[in-house]
Amino acid sequence: MSLTSTAHQLVTLASEGGEQGGNHESLSPYLTGGGAFVALLLLLWITTRFNRDR
């Protein structure tokens with residue numbers, strides 16, 4: 001396989017799946033972002049509880 005044929009195959013593969021948009025129907029961006037925000041706040045709270053000397 002040459003570099004040009006490999007590149008052509010990758011471009012063909014990428015263009016076939018590009019029509020679907022890439023987002024899964026069951027994923028809500030607000031739920032995902034809210035969950036990440038809560039997880040980061042929890043990690044921040046845990047970090048500040050263990051670092052009482054400052």
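What kind of contact joins the side chains of Ser2 and Thr4, and how many Å does it span?

Guide: The model is predicted, so local features need pLDDT of at least 70 and side-chain atom pairs pLDDT 80 or more, while totals for chains, interfaces and linings use all residues. Residues are numbered from 1 along each chain as its sequence is written, and side-chain values use heavy atoms, without hydrogens or water.

The side chains of Ser2 and Thr4 are joined by a polar contact of 3.2 Å (N or O atoms within 3.5 Å, one able to donate a hydrogen and the other to accept it; sequence neighbours count only through side-chain atoms on both sides). Ser2 sits in the segment before α1, which covers 3-16. Its relative accessibility is 37%, so Ser2 is partly exposed (buried is under 20%, exposed over 50%, partly exposed in between, with a 1.4 Å probe and protein chains only).

Buried residues account for 0% of its 54 residues. Helix α2 has 22 residues and none is buried, so α2 lies largely in the open.

Leu40, within α2 (residues 29-50), is exposed at 56% relative accessible area. Leu40 belongs to a nonpolar surface patch with Leu42, Leu43, Trp45, Ile46 and Phe50, together about 700 Å² of accessible area (Shrake-Rupley, 1.4 Å probe). Such nonpolar patches join side chains within 5 Å, at over 30% relative accessible area and without a salt bridge (Lys or Arg side-chain nitrogen within 4 Å of an Asp or Glu carboxyl oxygen).

Terms used: Patch = residues over 30% accessible without salt bridge, like charges linked within 9 Å, V, L, I, M, F, W, Y side chains within 5 Å. Helix = DSSP H or I, 4+ residues; strand = E, 2+ residues; numbered from the N terminus.
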